[in-house]
Amino acid sequence: MSDLFSQLRSPQEEIYPEVFVLADFADTGSLREAVSSVIRKAPFRKMMTPIGHYTGIPLTNCGKFGWVSDIHGYRYLSKDPQTNGPWPAMPEIFSTLASSAAEQVGYPGFKPDACLINCYELGTKLNAHQDKNEKDFSWPIVSVSIGLPAVFQIFGKKREGKPFNYQLHDGDVMVWGGKSRLIYHGVKTIKPDNQNPSLQQRINLTFRKAG
Ligand SMILES: O=C(O)CCC(=O)C(=O)O
Ligand SMILES: [Fe+2]
């Protein structure tokens, strides 16, 4: 996103303790091409949750490990349950982007082995949750926004209460770690963007060191 608004934001902002936003850090045109190549091999799918519902947001993965949900719970698997083969390799531009974003805010040496790709349609949202299926919480989560804007909600240590809200735009990269690594967070219902009425989706990439 390169309009007047994005030029008014500072390139790096700590929006919450140890939660950083790098505004317009990613070149989403080339990321979209890489997403297309991943979803040709591992299409978006809804997954069953332990309580027998489907996840509202279609998702897929690339990298050594992929995050999955089924009636047994949430975990990382080295194989795509739909094919029983490995997940698509993580595109080089994904890992380079995630490592450089992490390094920029104080996590040198971050080498993600899992990238979860969520595909939000208009009217969908992500309920408050923690990212806690990874082995080592000393590594941050790096999250990249593509397409429609979204309001990211930070609830903090508890799921309840009034969240801190921050609007993420195409190209924004958010990194959270340290004392905020296990914050409850979510995404408010995705709305159309009047400036870009042709945009119908938001894609989010989250990079993790899972294994
Ligand atoms: O879509 C986002 O910005 C956040 C996604 C997220 O929290 C997750 O996939 O665990
Ligand atoms: Fe999350």
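The following exercises, with worked solutions, concern the predicted model shown above.

Residues are numbered from 1 along each chain as its sequence is written, while chains are lettered from A and ligands numbered from 1 in the order in which they are written. In this predicted model, local features need pLDDT of at least 70 and side-chain atom pairs count only at pLDDT 80 or more, whereas totals for chains, interfaces and linings use all residues.

**Exercise 1. Determine the strand order of the open sheet of 7 strands, and identify the strands at its edges.**

Solution. Begin with the terms: strands (E, at least two residues) and helices (H or I, at least four) are DSSP runs, numbered from the N terminus. Two strands pair if DSSP finds at least two bridges between them.

Step 1. The order is β1-β2-β11-β8-β13-β6-β3, and the pairing is antiparallel.

Step 2. At the edges stand β1 (12-16) and β3 (59-62); each has a single partner strand, so one side of each is left without a neighbour in the sheet.

Step 3. Neighbouring strands are turned by 20° against each other on average, direction ignored. Axes here are lines fitted to C-alpha atoms, for helices over the stretch in contact, and angles run from 0 to 180 degrees between N-to-C directions.

Step 4. Within this sheet, consider β8 (residues 141-147) and β11 (residues 173-176): they run antiparallel and are joined by 4 bridges. Isoleucine 141 stands opposite tryptophan 176 in β11.

Step 5. Helix α3 (residues 92-104) packs on the sheet, and its direction makes about 120° with that of β8. Helix α2 (residues 28-41) lies across β3, β6 (114-121), β8 and β13, at about 100° to β8.

**Exercise 2. Describe the open sheet of 4 strands.**

Solution. Step 1. Its order is β7-β12-β9-β10, again with antiparallel pairing.

Step 2. β7 (126-129) and β10 are the edge strands, each pairing on one side only.

Step 3. From one strand to the next, the twist averages 15°.

Step 4. β9 (residues 150-156) pairs with β10 (residues 164-168) over 5 bridges, and phenylalanine 152 has tyrosine 166 as its bridge partner in β10. β9 also pairs with β12, over 4 bridges; there, glycine 156 stands opposite tyrosine 184.

**Exercise 3. Is isoleucine 190 buried or exposed?**

Solution. Step 1. Locate the residue: isoleucine 190 is in the loop between β12 (184-187) and β13 (201-208).

Step 2. Apply the cut-offs: a residue is buried if 20 or more other C-beta atoms, placed from the backbone, lie within 10 Å of its own, exposed if 12 or fewer, and partly exposed in between.

Step 3. Isoleucine 190 is buried, because 23 other C-beta atoms lie within 10 Å.

Step 4. Residues in contact have C-beta atoms, placed from the backbone, within 7 Å. Leaving aside neighbours within four places in sequence, the contacts of isoleucine 190 include Tyr120, Leu148 and Arg202.

**Exercise 4. Which residues surround ligand 1, and how are they divided by class?**

Solution. Step 1. A residue is near a molecule or strand if its C-beta atom, placed from the backbone, lies within 6 Å of it. Ligand 1 is surrounded by Leu116, Asn118, Leu126, Asp131, Ser143, Phe152, His185, Val187, Asn204 and Thr206.

Step 2. Ala, Val, Leu, Ile, Met, Phe, Trp, Tyr, Cys and Pro count as nonpolar, Asp, Glu, Lys and Arg as charged, and the others, Gly among them, as polar. The shell accordingly has 4 nonpolar, 5 polar and 1 charged residues.

Step 3. β6, β12 and β13 each supply at least two residues of this shell.

Notes
Two residues are in contact if their C-beta atoms, placed from the backbone, lie within 7 Å.
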